[in-house]
Structure formats: C-alpha cells, structure tokens
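Visitor: I would like to learn how to read the contacts, strands and cavities of a model such as this one. Could you take me through them one feature at a time?

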Amino acid sequence: MRLFFFLVVFISTITYAQDRQKPAQRDPYLQNPVKNQPQQVKPEDKVHIINADFIKKNPEKYDGNRHLEGNVKIEHQGSVLTADEVVIYDEENFVKAIGNARLQNADGSVITAAEMEYDGNTQKGVARKNVVLTDPKGTVIRTETMYYDRISNQAYFNMGGTINDGKSTTYAKSATYFLTTRTIDLSGNVKIEDRDYTLEGINVVQNQNTNIVDISGPTTITNKKNPKNRIFTEKGKYNMNTKESFLYKNSRIFYNDKILTGDEMYYNQLSGFGKATGNVTLDDPKERRYIKGGYGEIFEKNDSAMITKNPYAVKILEKDSIYFASEKIISYQKPDAKDAAVKKSFLRAFRKGRFYKSNAQGRADSLAFNETDGILHMYTKPILWSGEKQVTGDKIEAYFNTETENIDSLKVIGNAFAISKVDSLTLKDEFNQVKGKLMTVYYQNNDIKEAKVIGNAQSIVYVDDVNQQTKEKERIGITLSSCGIIGALFEEKALQIISCSIGATSDTYPMSMIEPSGRKFPDFNWNTKDRIRKWQDILVDTPDYEEIKYEMDNKLYDQAQEAIEKEKAKEEAQKPKRVRK
C-alpha cells in the first residue's frame, strides 16, 4: 500500500514538472527584478494572440512553451507584432519573435528585424539582425541590435548604426532616439552627412523636428566642396537646415585660408557671414598677419572682415613686424586689375589709426595698407616719425620694399613738412626744417637720407663748420632758403641743402642776428606727446607722454641785442637836449 502511494506521488510530480514552463532565456536588458519569476498580470495587460495558422506546444521545443507559426499576429497595449514564428512565455507575459519580425507601435513607428524579444510587463524589447526603425515622419534607423522601451518611447543601440531623415545620414557608435520629441542622443564618434556638409564629433544631440544639432564635445563641420572651409567647436548648436552655427567654446571658423576665433561665435555657411565676440582673433597665415579685438565680422564671399572694440593687427615680417591699431580695422582681398587670377590683400584702419615699425612709426585719422604691393596710405593729419625725424602733410604714402621689408621712400602730398633734431642727445631747441607743397623722402639703411621738395620750398638749416685748430664743430648760424625746388640731404646732426633752384634765395645769418621766433616756421609742429615709441603704444589713442621741454640757446642773440640797446642808449645820450626856458 505504501509502495503504491509513493508511485502515485512520484508520477504526479514528474507530470507536473513536465507540464510546468521553463523561464525564458532573456537578453540582460529584459531581466525582471525577480529574475523572470511569474508576476500577477491583469488580463487586459497580457499579450493577446490575434492570428496564427498553427499553435503548438512541444516539450522538446522551446522548453515546452507555446509557439505560433504562420501569419502570426499578436497585440499588446495598442502595438501589433507580426512574425513567421512567435514563442509565448505565458507566465512571464513575454514573447520571442523569429523571422520577419515587425512591430507596429501605436504612435506610428515601426521596427523590423530578423528576431525580437518583448516583455509585456515592462513594455521593453530587443530587436536583432538587420534592425530598421522608421518613425511616423520618415526617419529611418538601421543597426544590428536595438533596445526599445515603449513606455518612455525610446530606442537605443550601441553596436553602431545609421540614421537617415531623407536629408542627412548619421553614423554613430551609440545612439538613443526619443521618439516623442524626435531627438537623438549620439555618443562616441559621430558623423552626420548631407549633400554639402559633414559633421564629425563626439557627444551630440540631433533634433529631427528642428534639424538642430547640440554639440557637447570636439566637433568639426566641413564643407565638402571646399574641405579647407570648416568649423571646429567643443560646445555649440548647428542648424542643418539653415547651415547656421552658434559656437560657445574653443571654437574656430576656417574660411578662405583664414581662421576666426572668439569666445562666442556665429556663422552662416550659406551666406558666408560670421561674427565673434570676446577675445577675437582673425589669423591669416598666408599673409602672415593676425588681427585681435573684442568684436569681429567676416564676409566669406567678399573675402573681407571687420574687427572693432580696441582692435590691433600684426603683420609678421622676417626681420621685423608692423603693428596697426585704430577704432575699426578692415581686411579684404580683391583681384589684381592687371591679372584677375591674382588676389591682392589690403588692410584699413579707420579713426585714430596708428602703426609701429622699428624704424618708422605714425598716426593718422585713417590708414590703408596694400600688403601685396607694400604701399601704406596715411589720410587726414598724418604724422610719421623715423629716428629723430618727423614728417607731416595732408597725405603721406609710404612705399615698402617687399623683398627687404623696409621703407624705401615716402611721398608727402600737400603741406609737406619734415623736421629733424639737430642733436638728438641734447635738449637744445634746435631743429632743421624743410617744407613745401610736395615732398619725396628717400630712405637709406632704414633711416631718412634725402628729401626733394617741390613748390614753395623753404628750409631752415643750422650751419656748423669745423675749427681748424680745435677740430671741433662751431656754430656759424642759420641758413634760410626759399626755392621752387629744394634737394636736402639728411646727415648726422645736420641737414645739407644740396640744391635750391627756381627763384632761389638763400641767406645765412649768425646766431646773434636771428631772433628765436625766426628759427622755426609758423606751422612748426614737433610732437613728442603722441609719439609712438614702442609697439604697445598703439594700443591706446595716445601714449600721452610728457611733452619734452627744450632749451632755447639765445645767449649770442641776447648779447647782440644788449649791445644794440647800449649803443642806442649811448647815441641817445650824445644827442643835444632841448631845454625849455
């Protein structure tokens, strides 16, 4: 009797064990918190079978779980899954779809794959092999393995995939697609391509509604037709429809062989307009020149740029550099009039223009520099210093030798006036001067050597001679010259008039015979207060140096005047005086 009871219990236990379903072997993404143990599920929350040609259950297949074959269609919470074959784990509310799996979601998105797993309790799933997700607006994601969550309406892949919206294609190692907002969080190496541009970077978010890309890592946007024109940033936004970039960190815009940087920048690749604020630099490696300032704008199609807010420019030369500053600096290129294939570069400094070079410094209301030909134009109250010499006029043109990078000559147009200190080592108020309507100044060894003055030419020159006994220079006097044309030679501590023609008059007066006011022209304008002595001086409107006070040597003149007055007094004393009776 006991033996019979034991056999009945043993056979019942085996039968129950064989009839009980084994848990599904799930992807780790779909593991239940209680490790696949059955959960209480309401009838309306269970996966429902809509159609199947065959419903089978074989203990030797799929661990004894039901499997459906032929035109299989099941439904859950508004989503419909079709496949060649589906295994249903009833106790877990879990299914596996095999062959031509297709999940049609309630929001209109569709996922197709060779295989799928779906948990009806968590509404999470995994699709594998040739996975394609198509959202209601036509965005298509392709990958080999995709994880999706119907509750949060997200899809994710981390084995590499592509995203195509009909206008651009995105390649990424890892991506999370938020179907509700149609945003894609892309991590790892990312590449987005459309017909004209390529975006490559890491950690970007792409919005399929606005087609705006949020950038949070090193990213480059390249023009396919001209790969040298590109954008780099570590933080910003890029509108793939309008091709506008908003750049916020470590950004650079490369265009026409130039580089624009700034704290914050904007750039439109279609119009070629860009702007930058805060610590702006426009670098032109080909011209070996850069411009700095607080605000800048570029115009790619015109190949021009404007920098403001305390701008300055540096033209780097082999042996020296030229520094420019003003309230506004403009750089541009335009075709050569003789050869359209050749572009010439220009730099313009507007309002309170200043420049510095080791052997020449100047200021004017505006400066225009032809960098290609080496011609500097100075407009409106220009003043140029070279050593202890000063040149002024209505307009000054400086001509640079493009090979030696030194100034060859100057042309002064209108009210030309050149002044040189007789002895730069003393504070004597003694200056050689030459002036006229037009003046050409020639340089030698980086210093002013010769000047030719045309039209109402005049000069005031201090004249010395060598004492034959002491071999020392002695002052003879001052020569006043007036001619149609004057040729002057600048020498150390001297100005020699080498020619004076057309209506020439020239007289030399001893120091005792020329009064102090006659030693300078009425428009004498020697300027030490605004003189630029080092390159940093261009960074301010004026260095505002203390005006140098020179000492006038009037000893001989005063003695002569005193002798004259005494002689007059003596003569006056010798005259008979009338006595009124």
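Visitor: Leaving aside neighbours within four places in sequence, which residues is T261 in contact with?

Guide: Bear in mind throughout that this is a predicted model. A contact here means heavy atoms within 4.5 Å. Once the neighbours within four places in sequence are set aside, T261 is in contact with S251, R252, A276, N279, V280 and T281. T261 itself is found in strand β20, and the C-alpha atoms of T261 and E547, which lie 286 residues apart along the chain, are separated by 40 Å.

Visitor: Which strand does β20 pair with, and in what sense?

Guide: Two strands are taken as paired if at least two bridges are found between them. Strand β20, residues 258-262, pairs with strand β22, residues 273-284, in the antiparallel sense over 3 bridges, and within this pairing L260 stands opposite L282 in β22.

Visitor: How many bridges join β22 to β21 and to β23?

Guide: Strand β21, residues 264-268, is paired with β22 over 4 bridges in the antiparallel sense, with E264 standing opposite T277 in β22. Strand β23, residues 289-299, runs antiparallel to β22 and is joined to it by 10 bridges, where D284 has R289 in β23 as its bridge partner.

Visitor: Which residues take a positive phi in the two hairpins?

Guide: In the hairpin formed by β21 and β22, with 4 residues between them, G272 in the turn has a positive phi of about 80°. In the hairpin of β22 and β23, which also has 4 residues between the strands, R288 takes a positive phi near 50°.

Visitor: Why can strand β15 be described as largely enclosed by the rest of the structure?

Guide: The reading rests on relative accessible area, with under 20% counting as buried. Because 4 of the 5 residues of β15, residues 219-223, are buried, this strand is largely enclosed by the rest of the structure.

Visitor: What are the partners of β15?

Guide: Strand β13, residues 197-207, pairs with β15 in the antiparallel sense over 5 bridges, and there the bridge partner of G201 is T219 in β15. Strand β16, residues 230-233, also runs antiparallel to β15, to which 4 bridges join it, and F232 in β16 is the bridge partner of T220. A hairpin through 6 residues joins β15 to β16.

Visitor: How many cavities of 30 Å³ or more are there, and what lines the largest cavity?

Guide: A cavity is a space where a 1.4 Å probe fits but cannot get out. The count comes to 2 cavities of 30 Å³ or more, and the largest holds about 70 Å³ of space. Its lining includes N105, D107, Y148, D149, Q154 and L179. The elements that give two or more residues to this lining are β8 (140-149) and β9 (154-157). By class, the lining of the largest cavity has 5 nonpolar, 4 polar and 3 charged residues.

Visitor: What is the volume of the second largest cavity, and how do the residues of its lining divide by class?

Guide: The second largest cavity has a volume of about 50 Å³, and among its lining residues are V47, I74, E75, H76 and Y118. The elements that give two or more residues to the lining of the second largest cavity are β3 (66-76), β4 (79-89) and β5 (94-104). The residues of this lining divide into 7 nonpolar, 2 polar and 1 charged.

How values were computed. Residues numbered from 1 in each chain as written. Predicted model: local features only at pLDDT ≥ 70, side-chain atom pairs only at ≥ 80, totals over all residues. Heavy atoms only, no water. Buried < 20%, exposed > 50% of the residue type's maximum accessible area, 1.4 Å probe, protein only. 1 Å grid on protein atoms, 1.4 Å probe; cavity = no way out; pocket = protein on both sides within 12 Å on 5 of 7 lines; lining within 4 Å. Points joined across faces, edges and corners; volume = space filled by probe spheres on them. Nonpolar A, V, L, I, M, F, W, Y, C, P; charged D, E, K, R; others polar.
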